[in-house]
Amino acid sequence: MEPQKRVAAIHDISGFGRCSLTVALPIISAAGVETAILPTAALSTHTGGLEGYTYRDLTEDIGPFMRHWKSLGLKFDAIYTGFLGSSEQVGLVLEFFGLFKTVGNIAVVDPVMADNGVMYSVFDRSFAAEMRRLCEKADIIVPNFTEAAFLLDEEYHEGPYTKEYTEKMLKNLASLGAGKVVLTGVYFDGEKLGAACYDSVSGGIYYAMAEKIDGFYHGTGDVFGSALTGALMNGKTLEKAADIAVNFTQKSIARTKKAGTDTRFGVNFEKGLGDYIKLVNNE
């Protein structure tokens, strides 16, 4: 039996509202992967459309966390990063990379900072330059189109997109330093929505698409990134992992829409974990 894979997930944690670590931990664990969590902040709920939430910055804990892990001799097969609340936290994660990034593991960076053409309220445009520093050290980056535009210091364009524009974005993003790019929120018409993958070594481009469901659903980027990481840790190619992640995310959205659940509360990914487990295990 092969040794169990281990992922370090560096995200914030919200007590309610399915996103970040409350999504990453169960999904990656369902893939049979040990998941070590390093929380960057603790909130009562996520911040998307919900008011009155509590927020505790955990910047001061990040250094002691990683130094303790290093003292234990811990090693990771992947480092998966999401929301980072400040430039200081980006610097600390770069320090984490220095301690734990090896030739044999992968760093998956979701540059969480913007959506729908605008930066999240806690950031200004200068934060994109900080996130760019992290993307330079990643093996795989997973931005949406808004984040891609800010990373490249370009004007944001709303979809639908053309393949020419999408593939130009992929190649420009890869030029930042990551060998592989997964661009989310790709759609060419009103029928399909998904992700585009680019491998800068092979030059291969692949589209993972599913039926488009209207509406905005919080936390889907974290669901996708976590499902992608779990599939990669099970030996799936980037293309196959993207297919699995798109399928899992789309079905989670469809399940939530059918139930009429408040979209601010995140999507029902839990009911799909059984199918996800089968997909990552080729059952």
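Leaving out residues up to four places away in sequence, I found Val 109 touching Thr 81, Phe 97, Leu 134, Cys 135, Ala 138, Ile 140, Ile 141 and Val 142. I note that the model is predicted.

I located Val 109 in strand 5, residues 106-109.

I turned next to Leu 134. Beyond its neighbours within four places in sequence, Leu 134 contacts Val 109 as well as Thr 81, Leu 84, Val 90, Val 93, Leu 94 and Phe 97.

I looked up the nonpolar cores. The largest comprises 51 residues, and Phe 96, Met 113, Leu 134 and Leu 173 have the most contacts inside it. Helix 3, residues 87-100, supplies the largest share of this core, with 7 residues. Another core, of 40 residues, lies apart from it and includes Ala 30, Ala 31, Leu 228 and Ile 253.

I then examined how helix 3 meets helix 2, residues 59-71. Their axes come within 10 Å and cross at roughly 5 degrees. That angle is under 35 degrees, so the two helices are roughly parallel to each other. On the helix 2 side, I list Thr 59, Ile 62, Met 66, Arg 67, Trp 69 and Lys 70 as making the contact. Helix 3 contributes Glu 88, Gln 89, Leu 92, Glu 95, Phe 96, Leu 99 and Phe 100. I recorded the residues of this contact as 7 nonpolar, 2 polar and 4 charged.

Terms used: Residues numbered from 1 in each chain as written. Predicted model: local features only at pLDDT ≥ 70, side-chain atom pairs only at ≥ 80, totals over all residues. Heavy atoms only, no water. Core = buried A, V, L, I, M, F, W, Y, C linked by side-chain atoms within 4.5 Å. Buried < 20%, exposed > 50% of the residue type's maximum accessible area, 1.4 Å probe, protein only. Helix = DSSP H or I, 4+ residues; strand = E, 2+ residues; numbered from the N terminus. Contact = heavy atoms within 4.5 Å. Axes fitted to C-alpha atoms, helices over the stretch in contact; angles between N-to-C directions. Parallel < 35°, antiparallel > 145°, perpendicular 65-115°, else oblique. Nonpolar A, V, L, I, M, F, W, Y, C, P; charged D, E, K, R; others polar.
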